[in-house]
Amino acid sequence: MPADSPPTALVAADLIRDEARRAPDKPGVYRMYGEDGTCLYVGKARSIRKRILQYAQGRFHTQRIGLMVSLTRSMELVITASETEALLLESSFIKQLKPRFNVVLRDDKSFAELMIRKDHRAPQVRKHRGAHTTPGDYFGPFASTWAVNRTLNTLQKAFLLRSCSDSVYETRTRPCMLHQIKRCSAPCTGLISLEDYAGLVDEASAFLKGKSRAVIARLSDEMSAAAEAMDYEQAARVRDRIRALSAISMENSVSADGVAEADVFALFSEGGQACVQVFFYRGGQNWGGRAYFPRVDKTDTDPEILAAFLGQFYEDKPIPRLILSNVRPHELELLEEAFSMKAERKVEIARPMRGDKLGLVDHALTNAREALGRKMAEGSAQGKILDEVCEAFGLDSRPERIEIYDNAHIQGTNAVGGMVVAGPEGFQKSQYRKFNIRGEDLTPGDDYGMMREVMRRRFSRLVKDEDAGEEVVRPDLLLIDGGAGQLAEVLAVLADLGLDDITAVGVAKGPDRDAGMERFFMPGRPPFMLPLKSPALYYIQRLRDEAHRFANGAHRTRRSMDIKKNPLDEIEGVGPGRKKALLHAFGSAKGVGRASVVDLVKVEGINQPMAERIHAFFHPAAQR
C-alpha cells in the first residue's frame with residue numbers, strides 16, 4: 001500500500017472493538033449509527049467498555065443483533081454517574097431517535113389533565129396539556145378527551161366552578177349562559193361571595209383526590225339543613241349536585257383496596273407483535289385507558305418489551321406511587337430506583353398474584369389481548385384493500401403513505417387546504433397539515449389556483465428538506481379531490497419540482513355527488529370508474545371524506561377566528577387597556593367607529609392625537 005494512501009475506515013465489529021479500547025469502565029449510554037447517520041441502537045450499561053466489547057466478540061448475538069453490528073459505522077458514548085441515570089438517559093434517547101433495533105413506543109401523545117388554578121381570586125377549572133407552568137392543582141392523566149370532558153362537566157354541575165377565561169371574567173356585567181343552566185355560580189358578578197366560591201373549589205379538589213364520600217356526606221347535611229329551614233329551592237340545587245357526583249363516582253369507582261393512585265399495565269404479544277394496555281386510577285376512580293402497539297422484534301422477550309415501554313412511557317409523564325403489571329419487567333429493581341429518583345419519592349412496581357389488584361391487571365390483559373386481535377385482523381384486511389388500490393392505479397407496490405388533498409372556502413374567503421395522510425395502519429393524524437391559502441394573485445373562488453398553491457408549498461418544502469439531507473418520506477400516492485383540471489395543476493407543480501415520479505389521481509364526485517359514482521383521472525388513461533362493490537372504492541371514499549372533514553374543520557376554525565377579530569386590534573397604540581375603555585364607553589367597535597373626535601377624547605386614556613388616529617382609522621375618506 002502506498003505511504004500516502006488514506007487509512008481504511010473501520011466498520012462493524014472492527015469499529016466497535018476499536019471504540020471498546022478507548023471506552024471507560026463506567027456506567028453510561030452508547031449509540032450505534034449506520035451509513036446514513038441514522039441511529040441503529042441505543043443501549044445502557046454498568047460498564048460501557050465491557051458491554052460494547054461483547055458486540056465485537058460476537059457474544060449472545062441473535063441474527064438481528066448480528067445484522068445491527070454489521071451495519072454499524074460510528075458510535076457515540078455518554079458517561080453517567082450511575083446505571084440508574086443511564087437507564088433514564090437511554091429511555092430519553094430511544095424516544096427521541098426511534099432507533100431501528102430498539103423496542104420503540106409509537107403514537108405517544110400527551111394526556112389531558114384537569115387544572116384548578118391557584119393564581120386568581122376566583123379559581124378557574126379547565127382542561128390542560130403540557131408542562132405545569134401555571135400555579136394550580138393538576139389532576140390526571142385522563143386517557144381520552146371524552147373522559148376529561150365528562151369529568152369537567154360533572155365538576156361544573158356539582159361545584160359550579162367557572163371555566164371562562166380571565167378576560168371574559170373581568171368584562172362580565174351579568175351572568176352568562178352557564179349560570180342559567182346551573183353550571184356556574186357566577187362569581188364574576190358577585191352572585192356568590194369569593195369566600196363561598198373558595199369553599200366550592202376546596203370541595204372540588206377533595207372530590208378529585210378521592211374524598212367523594214366525604215364531599216357527598218357534607219352536601220347531604222347541607223341539603224337536610226336547607227329542607228328543615230324550608231328553603232326548598234336551595235335543597236333542590238344541592239340534591240342535583242349530589243346526583244351528579246354520585247353518578248360519576250359509581251361509574252368510575254374501583255373496588256380494589258389500596259389502589260387510590262396506580263397505573264395498571266398489561267402486555268400481550270403474539271406473532272411478532274405486541275400490545276400494552278394501560279389504565280389510570282386516581283382518587284379511587286378509573287380515569288380511562290389506552291392501548292399501545294410498540295415496535296418490537298420476534299426475539300424480544302416480554303420482560304424486555306415491558307421494561308423498554310415503561311422507560312419511554314414515563315420519560316415525560318408523572319409517575320404514580322404504584323405500577324401494576326402482568327409481567328415482571330426486566331431489571332425491575334433498577335427501574336424502581338430510576339422512577340423513584342425521577343419522582344423524588346418511592347415508586348413500587350408490582351406483579352399481583354391474587355386479590356383485587358390481580359383483577360385489575362386481568363381486566364387490562366383482556367383488553368390488551370382483544371386490542372391486538374383487532375389490530376392484526378384489521379391489518380390483514382387493510383393489506384388486501386391496499387393491494388386492490390395498487391392494482392386499480394397501476395402502482396408497483398403496496399402504498400405505504402397516501403396523501404389526500406381537499407380545499408374549503410366560502411366564495412373564496414378564509415380558504416384553507418387540507419392534507420390527510422393514511423397508510424397500512426390507518427390514518428396518521430400526527431401527519432395531517434393545513435395550509436392557509438394566502439396567494440395575493442388568486443381570484444376569489446379559484447379552486448385551481450388554490451390547489452396549485454397548496455401543492456407548491458407542500459412539495460417545495462419536501463424538496464428543500466431532501467436537499468438539506470433530512471430524512472423525508474415521499475408519498476406513494478396522491479389523491480386529489482377534483483377532476484382533470486385539478487389534476488393538471490398538481491402534475492404541473494410536481495413536474496416543475498422534479499417529482500413527476502409520484503403517482504397522482506384525481507377523484508371527481510359522481511352526478512349529484514352520488515357516492516359510488518366517482519370518476520378517476522390519471523395521466524395517460526381515460527377517466528374510469530371502479531366497481532360499485534369494490535373494497536378499494538369504499539376505502540378511497542373514506543379517505544376523501546376524511547380529507548373533506550379535516551379541510552372543512554380548518555376552514556370553520558379560521559372563519560370563526562376572523563369573525564372574532566376586533567377592528568380596534570389593528571389600530572397602533574390601542575392596547576388591551578384602551579380597548580377595554582373604548583368598548584365600555586361605546587359598547588362595541590361599531591360604536592367607536594361612529595364616535596367623533598370630541599367624544600373619543602372624553603374616554604379615559606385617550607388623548608387628542610390618539611382620538612384623531614382612531615377616528616381616521618374608521619373614516620379614511622375624510623382624511624383625503
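**View 1. Burial of F93 in a predicted model.** F93 is buried, with a relative accessibility of 13% (buried means under 20% relative accessible area, exposed over 50%, partly exposed in between, with a 1.4 Å probe and protein chains only). This is a predicted model, in which local features need pLDDT of at least 70 and side-chain atom pairs count only at pLDDT 80 or more, while totals for chains, interfaces and linings use all residues. Residues are numbered from 1 along each chain as its sequence is written, and side-chain values use heavy atoms, with hydrogens and water left out. F93 belongs to helix α4 (residues 83–97); helices (H or I, at least four residues) and strands (E, at least two) are DSSP runs, numbered from the N terminus. Leaving aside residues up to four places away in sequence, F93 touches V29, R31, V42, V78 and K98 (contact means heavy atoms within 4.5 Å). R31 lies over the face of the F93 ring, 4.1 Å from its centre; a charge sits over a ring if NZ of Lys or CZ of Arg is within 6 Å of the ring centre and within 35 degrees of the ring normal.

**View 2. The ring pair Y30 and Y55.** The structure holds 18 aromatic pairs (rings of Phe, Tyr and Trp, the last by its six-membered ring, pair if their centres lie within 6.5 Å; planes under 30 degrees apart count as stacked, over 60 as edge-to-face and the rest as tilted). The Y30 and Y55 pair is edge-to-face, because the ring centres are 5.8 Å apart and the planes stand at 65°. Y30 lies in strand β1 (residues 28–33) and Y55 in helix α2 (residues 48–57), so the pair ties together parts 25 residues apart in sequence. Y30 is buried at a relative accessible area of 1%, and Y55 is buried at 4% relative accessibility.

**View 3. Surroundings of H120.** H120 sits in the loop between β4 (112–117) and β5 (125–128) and is buried, at 14% relative accessibility. A polar atom of the H120 side chain lies 2.9 Å from the backbone nitrogen of A122. The side chains of H120 and R162 are joined by a polar contact of 3.4 Å (a pair of N or O atoms within 3.5 Å; within protein, one must be able to donate a hydrogen and the other to accept it, and residues adjacent in sequence count only if both atoms are side-chain atoms). Not counting residues up to four places away in sequence, H120 touches R162, D166, Y169 and E170.

**View 4. The five-stranded open sheet.** The strand order is β9-β8-β7-β10-β11, with mixed pairing; two strands pair if DSSP finds at least two bridges between them. The edges are β9 (285–292) and β11 (348–350), each with a single partner strand, so one side of each has no neighbour in the sheet. On average, neighbouring strands are turned by 20° against each other, direction ignored. Strands β7 (residues 261–270) and β10 (residues 322–325) pair in the parallel sense over three bridges, and D263 stands opposite I323 in β10.

**View 5. The β8 and β9 hairpin.** β8 and β9 run antiparallel and are joined by six bridges, with V276 opposite Y292 in β9. Two residues lie between the strands of this hairpin, and G283 in the turn has a positive phi of about 60°. Y292 is also one of the members of an aromatic cluster that includes F265 and F280.

Definitions and conventions. Axes are lines fitted to C-alpha atoms, for helices over the stretch in contact, and angles run from 0 to 180 degrees between N-to-C directions.
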